[in-house]
Amino acid sequence: MDGNAAADRFLAIADRRMIDNAIAELRSSFVDAESEVVCADGSIGVIGVKSKKMTSMPIDRISKALTFSYMVFHEWTIIESPYDKDRITSSITDLLNGRINPTFMIEAKVVEANVGTNAKSIEVEIGMMVEENGFSASLTAPDLHIFLIVSATRTAIGYSGVLDYPGPMDPFRVANANPENELNRAELKFREAVDFFDIDIMKWHTAIDVGAAPGGWTAALSRMMCRVVAVDSAVLDYDNLYARKTLVLYSGNSDDLEKYKGKRGIDLVDFSGITKPLSAYLEEYDVVHLKANMGSPTKNFDDYLLQLKDVDAVVIDSNMDPEKNAEMAVRLSGTMKRNGALLMAIKLMDNDVQKHMDDAKAALSGSFGGIRVKKLHYNRMELSLMAVKA
Ligand SMILES: C[S@@+](CC[C@H](N)C(=O)[O-])C[C@H]1O[C@@H](n2cnc3c(N)ncnc32)[C@H](O)[C@@H]1O
């Protein structure tokens with residue numbers, strides 16, 4: 001029988017490029033943790049962890065406490081052979097047999113190209129075989145999530161109960177998911193960050209969104225009735241911002257705004273013709289787009305922006321290096337309320353993840369407290385950082 005779960009064995013999932021950081025973090029967070037790489041390829045690293053200390057914490061709390069492992073679940077078994085549907089089915093059946101009539105969902109990930117099948121086919125094939133053994137699949141609210149990580153030489157089987165399953169459905173695919181009702185994938189990433197960091201954005205009245213184009217984060221904020229100053233030299237997808245009234249303040253060449261000229265609900269104003277402070281425009285408009293990059297030669301835009309006061313949140317997703325994003329956050333901290341929130345992407349320009357994270361934290365530490373960093377499911381070559389204005 002393959003079923004041989006030990007309560008002190010877990011599988012942790014990290015981005016392949018951050019696997020060393022994830023292992024170091026597991027060892028420092030749980031002093032008794034022994035870990036080894038189960039398998040890894042271009043995008044994913046699977047770490048087997050043995051730790052008695054981890055058994056005293058619910059799985060969702062373990063996941064929350066870790067920066068680099070974006071999922072942790074119980075290890076059921078590791079089958080040391082190429083993809084073998086009969087052994088996998090029998091092992092999952094053993095797992096389910098020990099429980100009172102649970103519904104299950106299988107989430108598969110194929111690691112390495114030469115497995116000869118794909119994740120979707122595995123989910124369907126194994127799911128049907130397990131159903132033939134008398135168990136019911138549920139694709140919406142399963143009692144048990146079963147994770148299959150299939151490499152060319154082994155299959156790791158893990159599971160998580162409904163109460164401590166912290167992730168989205170399709171956890172291995174979301175990073176590449178196409179949004180259905182959102183403006184773009186960035187909006188999904190923003191929502192995951194808001195959930196993960198327990199941010200009550202219903203309380204936000206005004207926010208500054210730097211690196212806003214094409215507008216996913218601005219749209220997410222606007223949906224929650226938060227007024228937004230969006231900063232980016234690129235145009236936003238103004239038609240899909242959930243704003244009744246949008247003001248675009250631009251300077252110089254405005255060819256890329258041509259199609260919005262005369263459109264209802266969108267006012268385009270040359271920056272040289274403005275008559276009011278930004279706070280006054282924010283009373284009138286749901287979204288004000290300053291069409292310039294922060295720190296760009298049109299310095300007047302920065303000065304104009306920095307006059308704002310009592311902003312509830314600053315969110316930064318600009319694709320600059322983390323130190324530059326942190327510098328912008330510090331400059332903008334003067335516009336924020338005490339205890340206002342900072343949500344910032346840490347884009348990883350190279351593999352020196354720890355250094356980028358440490359540098360960004362050090363730059364922020366004079367103006368912000370409560371800094372937390374997490375690799376979210378929707379983050380690709382980046383981490384998400386949350387902090388509170390000191
Ligand atoms: C990944 S995109 C942002 C996606 C956006 N958050 C969304 O939800 O659609 C990065 C953006 O950062 C902008 N950017 C880069 N440097 C910037 C700066 N100094 N100030 C403002 N925006 C900047 C780029 O023009 C680009 O549009």
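How many Å apart do the C-alpha centres of domain 1 and domain 2 lie?

## Domains

The C-alpha centres of domain 1 and domain 2 are 36 Å apart. The model is predicted: local features need pLDDT of at least 70, side-chain atom pairs count only at pLDDT 80 or more, and totals for chains, interfaces and linings use all residues. Residues are numbered from 1 along each chain as its sequence is written.

Domain 1 covers 9-172 and domain 2 covers 185-389, with bounds from an automatic or database domain assignment. Ten residues of domain 1 are in contact with eight residues of domain 2 (C-beta atoms, placed from the backbone, within 7 Å). The side of domain 1 that touches domain 2 comprises five nonpolar, three polar and two charged residues. Here Ala, Val, Leu, Ile, Met, Phe, Trp, Tyr, Cys and Pro count as nonpolar, Asp, Glu, Lys and Arg as charged, and the others, Gly among them, as polar.

## Strand β4

Strand β4 (residues 69-79) is largely enclosed by the rest of the structure, because eleven of its eleven residues are buried (20 or more other C-beta atoms within 10 Å of a residue's own, all placed from the backbone). Strands are DSSP runs of E, at least two residues long, and helices are runs of H or I, at least four, numbered from the N terminus.

β4 pairs in the antiparallel sense with strand β1 (residues 9-15) over five bridges; pairing requires at least two DSSP bridges. In β4, S69 is the bridge partner of A14. Antiparallel pairing over five bridges also joins β4 to strand β8 (residues 155-161), where Y159 stands opposite H74.

## Ligand shell

The ligand is surrounded by 22 residues, of which A186, G211, G216, N293 and D317 are the closest (C-beta atom, placed from the backbone, within 6 Å). Helices α5 (185-196) and α6 (216-223) are the elements that give two or more residues to this shell. By class, the shell has ten nonpolar, nine polar and three charged residues.

Notes. Contact = placed C-beta atoms within 7 Å. Buried ≥ 20, exposed ≤ 12 C-beta atoms within 10 Å, placed from the backbone.
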